[in-house]
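Welcome! Please take a moment with the sequence and the 3D view before reading on.

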Protein chains: 2
Amino acid sequence: MSNQSLPVVDPNAVACCSPLTVRPMDPDQATAVAPMFKALGDPVRLRLMSMIASVPEMCVCDLTPAFDLSGPTISHHLKVLREAGLVDSERRGTWVWYRVKPEALRQLGALLDIPASRSG
Amino acid sequence: MSNQSLPVVDPNAVACCSPLTVRPMDPDQATAVAPMFKALGDPVRLRLMSMIASVPEMCVCDLTPAFDLSGPTISHHLKVLREAGLVDSERRGTWVWYRVKPEALRQLGALLDIPASRSG
DNA sequence: CGTCTAGCTTGACAGATGTCAAAACAGGGT
DNA sequence: ACCCTGTTTTGACATCTGTCAAGCTAGACG
């Protein structure tokens, strides 16, 4: 199989991530993306996300004590972020480390972009 | 009262809207912003938002028929978007028109920005 | 005033969500 | 083998959410 005719930019991907302000989202894309926004729609998860995003990676053992919440609850919120595709986790020895998935952040950011032609 | 010593940029506002990736959000900001993400965290509302954002303003009468949902349900979702501060509505005669609030979109977009220094 | 249309509010209900306690699981150290 | 610590899973429960039907309000037009 040759890759000689692969387009440089997948046109589907362009439609997929063009800003909200450019064209109405099709229902499938909305269904795909909504869980990411939903995952960020809780104050605890938003803080978890920003704590993880502020550093290369973060141990659960450093996340949990920042909240007045039980370990299982933090674990639950981390699972929601993970299943939304916003973060990845990896166990190394005793501790579990979380990292953001920058491409997910970029996709959401792209959706919220306001093109220069609409900045009024 | 003179305004001679007003800072050009409110330092609080900077802290308020610096990207997630720059520093952990403080709990108050997370509580303030999460409802906006939450409002976008439903496929119907995400589509409504993008339909409204794609044009200067949009009549409810043109939004409702785009969904297989009752009028009250659409009205409910529009109320959620309105109370999250993402859109404004105005009645003019028979119809009600919805507009996006660009500054809200910009605030969320800014939070998701990935600074050039972190683009790896 | 009466009536028609557009949109919102209320009430009800099934299903989802946030939380914790208890139990289970994973590694490390003794 | 045993326990200790860190993390996740399970089960339970109160609250929140998405949806619709029915009723209500606002404006246009006779």
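The report below goes from the overall layout to one helix, the sheet and a single serine.

## About the model

This is a predicted model, in which local features need pLDDT of at least 70 and side-chain atom pairs count only at pLDDT 80 or more, while totals for chains, interfaces and linings use all residues. Residues are numbered from 1 along each chain as its sequence is written, chains are lettered from A and ligands numbered from 1 in the order in which they are written, and side-chain values use heavy atoms, leaving out hydrogens and water.

## Chain A at a glance

Chain A has 6 helices and 3 strands (DSSP runs numbered from the N terminus: helices are H or I with at least four residues, strands are E with at least two). Along the sequence they follow the pattern α-α-α-β-α-α-β-β-α.

Of the 120 residues in chain A, 38% are buried (under 20% relative accessible area with a 1.4 Å probe, protein chains only; exposed means over 50%, and partly exposed lies in between). Among contacts in chain A with a separation of 6 or more, 59% join residues 24 or more positions apart (a contact means heavy atoms within 4.5 Å).

## Helix α5 of chain A

Let's look at α5(A), residues 71–83.

Which residues of α5(A) are buried? They are Ile74(A), His77(A), Leu78(A) and Leu81(A). Because they cover an arc of only 100° around the axis, they lie on the same side of α5(A) (the arc is that of the directions from the helix axis to the C-beta atoms). The face turned away from that buried side carries exposed Pro72(A) and Glu83(A). After α5(A) comes Gly85(A), with a positive phi near 85°.

## The sheet

Three strands of chain A form an open, antiparallel sheet in the order β1-β3-β2 (strands pair if DSSP finds at least two bridges between them). β1(A) and β2(A) stand at the edges with a single partner strand each, so one side of each has no neighbour in the sheet. β2(A) and β3(A) pair over 6 bridges, and Arg91(A) has Val96(A) in β3(A) as its bridge partner.

## A serine in chain B

Ser18(B) sits in the loop between α1 and α2 of chain B, and it counts as buried because its relative accessibility is 13%. Among the residues Ser18(B) touches, not counting those up to four places away in sequence, are Ala110(B) and Leu111(B).
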